[in-house]
Amino acid sequence: MAKKISQWQLLFLLLLIIGTIWILRKQVPYQTDQGIVFGTMYKITYQSETNLKEDIEKELQKVDHSLSPFNKNSIISGINNNEDVQTDSLFNYVFLLAQHISKETHGAFDITVAPLVNAWGFGFKHSGNIDSTKIDSLRQFVGYQKVQLSGQKVIKQDPRTMLDCSAIAKGFGVDCVARLFDRKGIKNYMIDIGGELSMKGENSHQQAWRVGINKPIDDSLSVNQEIQTILEISNVGLATSGNYRNFYYKDGKKYAHTIDPRTGFPVQHNILSSTVIAPNCATADAYATSFMVLGLDSSKVICNNHPEIDAYFIYVNEYNKLDIYYTEGMKKYLKN
């Protein structure tokens, strides 16, 4: 009797092994596509039987055609050149979201900042000599209240006003690819466009996606990739903004790429890096930039007023040492 039980156990084990091998062989593979878009690198990993790179790039091209100021034929370029152009649904969505976040941040986020960004040498046009007189003259036509959307037209109070959606468009591009995947029923993916991310489901090891936050070390060439902390994260959008990569020195002074739309000058706050988690990447992208403008104390207030947003800040404390602050909701993502 014992011998018969042993044989049945052996048969069961054999069937279990065969079944496991069959399941593993039938598992849907993970695809990884890489390329360049919006002047930066993208890397997209997703679980799918078929490769979707062509579909992905079509979605990104739509965003580029709508929102890239570096594309001379884009809708936003036409608006900046005061041409008679109609907006599309992509532009309208981003414009209205940007206006909403501008109001929530009291103008710290502002897509009309383009003339100031260009003047300081970080935009889509070449900079010239900059001084306080020039800044004051540019500020006359900078301000989110000075543009509005009427149907499929952008109405400007001043024709010199120009738009720059760089602080929200990459995140929106991420969201567009995420929506493509959702329409196709893809349950597991990570989309990374220049460090703006959207994650859903699990990675190929059936675990939550892992994302590193870099230490904010001055590194304009992006050579130093030392990690400050690791997040395990899924089903959200994430964006990081910092002044430790995009900057230049002139006459011995460092100029950071984050421009305060309200003053016209590069920010000098104590925040070195802000990482934001939000329901979608466009929102995370815009708030990450806003917090770099606002500084730590004002950013905390915004976070408290928006429980759907979590943030992780690396800043310089009163002892001139690196320190961190993160929202209560951020704790569930922190793994070290």
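## A buried charge without a partner

A salt bridge is a side-chain nitrogen of Lys or Arg within 4 Å of a carboxyl oxygen of Asp or Glu. In this predicted model, aspartate 110 has no such bridge, although the residue is buried. The nearest side chain of opposite charge belongs to lysine 146, and the distance is 8.2 Å.

What does the side chain of aspartate 110 reach at 2.9 Å? It reaches the backbone nitrogen of tyrosine 144. Aspartate 110 itself is located in the loop that runs between α4 (89-104) and α5 (114-119). Leaving aside residues up to four places away in sequence, aspartate 110 touches Ser102, Gly143, Tyr144 and Pro261.

## Two residues with positive phi

Histidine 106 is found in the loop between α4 and α5, the loop that also holds aspartate 110. Histidine 106 is not a glycine, yet its phi is positive, at about 55°.

Asparagine 82 is another residue other than glycine with a positive phi, here near 60°. Its place is the loop between α3 (75-80) and α4. The relative accessibility of asparagine 82 is 44%, so this residue counts as partly exposed.

## Helices α2 and α7

Helix α2 covers residues 53-67 and helix α7 covers residues 166-183. The two pack with their axes 9 Å apart, at an angle of about 145°. The crossing of α2 and α7 is right-handed.

Which residues of α2 meet α7? They are Asp55, Ile56, Glu59, Leu60, Val63 and Leu67. On the α7 side, the residues they meet are Ala169, Phe172, Gly173, Cys176, Val177, Leu180, Phe181 and Arg183.

## The protein as a whole

The secondary structure consists of 9 helices and 14 strands, with α2 and α7 among the helices.

Contacts can also be sorted by separation along the sequence. Of the contacts between residues at least 6 apart in sequence, 59% join residues at least 24 apart.

How values were computed
Residues are numbered from 1 along each chain as its sequence is written. This is a predicted model: local features need pLDDT of at least 70, side-chain atom pairs count only at pLDDT 80 or more; totals for chains, interfaces and linings use all residues. Side-chain values use heavy atoms; hydrogens and water are left out. Helices (H or I, at least four residues) and strands (E, at least two) are DSSP runs, numbered from the N terminus. Buried means under 20% relative accessible area, exposed over 50%, partly exposed in between (1.4 Å probe, protein chains only). Lys and Arg count as positive and Asp and Glu as negative; His and the chain ends are not counted. A polar contact is a pair of N or O atoms within 3.5 Å; within protein, one must be able to donate a hydrogen and the other to accept it, and residues adjacent in sequence count only if both atoms are side-chain atoms. Contact means heavy atoms within 4.5 Å. Axes are lines fitted to C-alpha atoms, for helices over the stretch in contact, and angles run from 0 to 180 degrees between N-to-C directions. A crossing is left-handed if the near helix is turned anticlockwise from the far one by less than a right angle, and right-handed if clockwise.
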